[in-house]
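Trainee: Could you show me how to read a helix and a few strands with the model open beside us?
Mentor: Gladly, let's take them in turn.

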Amino acid sequence: MNIHEYQAKEVLKKYGAPVSAGKVAFTVQEAATAAKELGGSLWVVKAQIHAGGRGKAGGVILCRTVEEVSAAATKLLGLTLVTHQTGPKGQVVRKVYVESGCNIDRELYVSLVLERNSGRVAVIASQAGGMDIEEVAAKTPEKIIQFSFDPSTGYKSYHGRKLAYALGLEGDAQKQMLKLAEALVKSYCELDCTQIEINPLVVTKEGNLIVLDAKVSFDDNALFRHPDIESLRDLAEEDPAETEAHKHELNYVKLDGTIGCMVNGAGLAMATMDIIKLHGGEPANFLDVGGGATKERVSEAFKLILADQNVKAVLVNIFGGIMKCDVIAEGIVAAAKDIQLNVPMVVRLQGTNMEQGRKILNESGLKIISEGDLTQAAAKVVAAIKEAA
């Protein structure tokens, strides 16, 4: 789960991270009021969307008067902001963050992310922070420093010193970095984060460290332990289909293809998408109904797939173990009749109660292509799309 910058800063501030004063605004008037309340003569108005690259896309505007703050908010609110992370469709800006400005001397980069192969927490840092960090990583990777620590043994003070040294910090700034590193690690571990990215972390001309931008992501599977964090979820920033899937305990990720997939088991789902591509097709989604799905959940999954206007055919691939093939078949029939199936569908059932499941499908009156072999099922669903075209 992702959260907005202003929320990330509030979370990190509770752990002792230094952040500038700021206020979120949903209207132009609220933005102007925020600037007045913050005081000073320099503000930054930032578009709040769940994507990076806002600065390069014009989503971060420096302002020196309250009138300029109002103008910036007018420009950003309601704008569809397109960045390298949003894709060509972009994301609509529904809120802005008005933040007090600061005197920037240097821009640094710090992030914590899960190193999945080793189960360790990777710390990534660079003295070349800012908007061009991706370019730095691509063209001058030697400027990126990385090390990791084992969360089971925990963070040690020498990790902080190593990070401060890597960032070229000395004196008071080094001491501040030690405190910040401890705050970041503590928040990362306690809140079950998958990523904390500070870009930029700035050193001001006064010698202070400030978290100028923050991106924090959380492990969805651990949100039951953090209802306060889950309450920060902004459903407007998420795909509506994925939000609906979450309600029914379905593992769903929308993709750009034309073949809808319904599978039980994440590994089998990945294999199903691979074999579709092998035969020249493109999967429209990843959807795992789980091992203990009910008829109702299967029905909702099927409706979810067919609600995607890009779906031109459906491949159902079920290996019955705990999940019984007849339950899947009943759910498919119920959903297909409810929404009037009008695209080709290939169903591959193997395992527990597969004969009963196939009988339910054959007697349903629906135009379903039944296949026992996965390779043949993938070939047939791709062929069905070509034939329909």
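**Two sides of a helix**

Mentor: Keep in mind that this is a predicted model. Start with the outward side of α3, where E67 and K75 are exposed.

Trainee: Which residues of helix α3 are buried?

Mentor: Buried means under 20% relative accessible area. In α3, which spans residues 66-76, that applies to V66, V69, S70, A72, A73 and L76. These residues lie on the same side of α3, because they cover an arc of only 160° around the axis.

Trainee: Now the strands. Is β8 largely enclosed or open?

Mentor: Count its buried residues. In β8 (residues 120-126), six of the seven are buried, so the strand is largely enclosed by the rest of the structure.

Trainee: How many bridges link β7 and β8, and in which sense do they pair?

Mentor: Seven bridges, in the antiparallel sense, with β7 covering residues 104-115.

Trainee: Which way do β8 and β9 run?

Mentor: They run antiparallel, with six bridges joining β8 to β9 (residues 144-149). Here you can find V121 opposite F149 of β9.

How values were computed. Residues numbered from 1 in each chain as written. Predicted model: local features only at pLDDT ≥ 70, side-chain atom pairs only at ≥ 80, totals over all residues. Heavy atoms only, no water. Buried < 20%, exposed > 50% of the residue type's maximum accessible area, 1.4 Å probe, protein only. Helix = DSSP H or I, 4+ residues; strand = E, 2+ residues; numbered from the N terminus. Arc of directions from axis to C-beta. Pairing = 2+ DSSP bridges.
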